[in-house]
Amino acid sequence: MGAVLIREFAVDDRAAVDALLAEAFSGPQPDGSPAASPPIEVVLNTALLDSVEFLPQLALVAEVDGAVAGYCITTRGWVGDEPALGLGPIGVDPAVQGRGIGSALVRETLRLAAEHGERVVALLGAPAYYGRFGFVPGTDLGIDAPEPAWGAYFQAVRLGDGAGPAGAFRYAAPFDEL
Ligand SMILES: CC(C)(COP(=O)(O)OP(=O)(O)OC[C@H]1O[C@@H](n2cnc3c(N)ncnc32)[C@H](O)[C@@H]1OP(=O)(O)O)[C@@H](O)C(=O)NCCC(=O)NCCS
């Protein structure tokens, strides 16, 4: 595998990103049911790119040998009435998973978010994966999931000096339309 280049998403990447997310999320859902066609992550990502909560500097593509091999979008969300960030969907081409591309995308997202003065990033995902980046269950930080049933899969990390808002987390509107 060649060098990994992380860069901002560009409009011309849309088709490649759709195809990548469709491939990455083609497996069964956590409950065992088959993925929709196209997977909901593809539909969600399209809506996020077209939403008012879209933050161009936090939609990232990982390129390997000139091809889109990974993607991660992070959009405006809220903790109570305070601005925060929601990370996802994130996906890596199955052909090159497990080689650090997802980690590079998450780490660059957190670096950029901190640089922009953001204080909280939240997501829904496997604790065994996101714990390595500093994410902890939202409840440990006083940040409540949109759905209590998400339990420890709803995770958050504070940036900067570690202070920040507490309360109920709300994602960008397209997440509510799923
Ligand atoms: C999850 C995903 C983005 C990670 O990207 P990646 O480039 O494969 O990840 P990295 O190479 O940076 O990290 C690999 C490590 O993550 C672990 N990992 C990957 N997915 C995981 C998961 N769902 N749960 C726990 N650990 C996971 C691997 O076991 C590996 O662990 P190791 O470092 O201890 O060997 C990628 O596997 C993917 O696109 N999966 C399908 C779509 C998906 O599930 N997206 C995330 C939804 S929250």
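## Cis peptide bonds and a positive phi

Pro 38 is placed in the loop between α1 and α2. In this predicted model, the peptide bond that leads from Ser 37 into Pro 38 is cis, with omega near 0 degrees. Pro 89 belongs to strand β4.

Asp 65 has its place in the loop between β2 and β3. The phi angle of Asp 65 is near 50 degrees, which is a positive value in a residue other than glycine. Asp 65 counts as exposed because it has 11 C-beta neighbours inside 10 Å.

## The pairing of α1 and α2

Two packed helices are described by the angle between their axes and the distance between the axes. For α1 and α2, the axes come within 8 Å and cross at roughly 150 degrees. The two helices are therefore roughly antiparallel, since an angle over 145 degrees is counted in that class. The crossing in which α1 passes α2 is right-handed.

Which residues of α1 and α2 meet? From α1 come Val 17, Asp 18, Leu 21 and Ala 22, and from α2 come Glu 41, Val 42 and Asn 45. Sorted by class, this contact has four nonpolar residues, two charged residues and one polar residue.

Arg 14 also lies in α1. Arg 14 is partly exposed because 13 other C-beta atoms lie within 10 Å. Arg 14 and Leu 49 are 35 residues apart in sequence, and their C-alpha atoms are 9.4 Å apart in space.

## The largest nonpolar core

In soluble globular proteins, nonpolar side chains tend to be buried together. The largest nonpolar core in this model has 45 residues. Tyr 71, Cys 72, Val 120, Val 121, Ala 122 and Ala 156 are those with the most contacts inside this core. Two or more residues are given to the core by each of the helices α1 (14-24), α2 (40-49) and α3 (101-115). The strands that do so are β2 (59-64), β3 (67-79), β4 (82-92), β5 (120-124) and β8 (154-158). The largest share, six residues, comes from β3.

Apart from its neighbours within four places in sequence, Tyr 71 is in contact with Val 17, Leu 20, Leu 21, Val 61, Ile 90 and Gly 91. Among these partners, Val 17 and Leu 21 also take part in the meeting of α1 with α2.

Val 61 is found in strand β2. Val 61 counts as buried because it has 21 C-beta neighbours inside 10 Å. Beyond four places in sequence, Val 61 is in contact with Arg 7, Phe 9, Asp 13, Val 17, Val 68 and Tyr 71. The C-alpha atoms of Val 61 and Ile 6 are 5.7 Å apart, although the two residues are 55 residues apart in sequence.

Ala 69 is part of strand β3. With 24 other C-beta atoms within 10 Å, Ala 69 is buried. Ala 69 and Leu 5 are 64 residues apart along the chain, with a separation of 9.7 Å between their C-alpha atoms.

Is Leu 87 buried or exposed? Leu 87 has 27 other C-beta atoms within 10 Å and is therefore buried, given that 20 or more are required. Leu 87 lies in strand β4. Setting aside neighbours within four places in sequence, Leu 87 is in contact with Cys 72, Thr 74, Thr 109, Val 121 and Leu 123. Of these partners, Cys 72 and Val 121 are among the residues with the most contacts inside the largest nonpolar core. The C-alpha atoms of Leu 87 and Phe 9 are separated by 15 Å, and these residues are 78 residues apart along the chain.

Note on methods
Residues numbered from 1 in each chain as written. Predicted model: local features only at pLDDT ≥ 70, side-chain atom pairs only at ≥ 80, totals over all residues. Core = buried A, V, L, I, M, F, W, Y, C linked by C-beta atoms within 7 Å. Buried ≥ 20, exposed ≤ 12 C-beta atoms within 10 Å, placed from the backbone. Helix = DSSP H or I, 4+ residues; strand = E, 2+ residues; numbered from the N terminus. Contact = placed C-beta atoms within 7 Å. Axes fitted to C-alpha atoms, helices over the stretch in contact; angles between N-to-C directions. Parallel < 35°, antiparallel > 145°, perpendicular 65-115°, else oblique. Left-handed = near helix turned anticlockwise from the far one by under 90°. Nonpolar A, V, L, I, M, F, W, Y, C, P; charged D, E, K, R; others polar.
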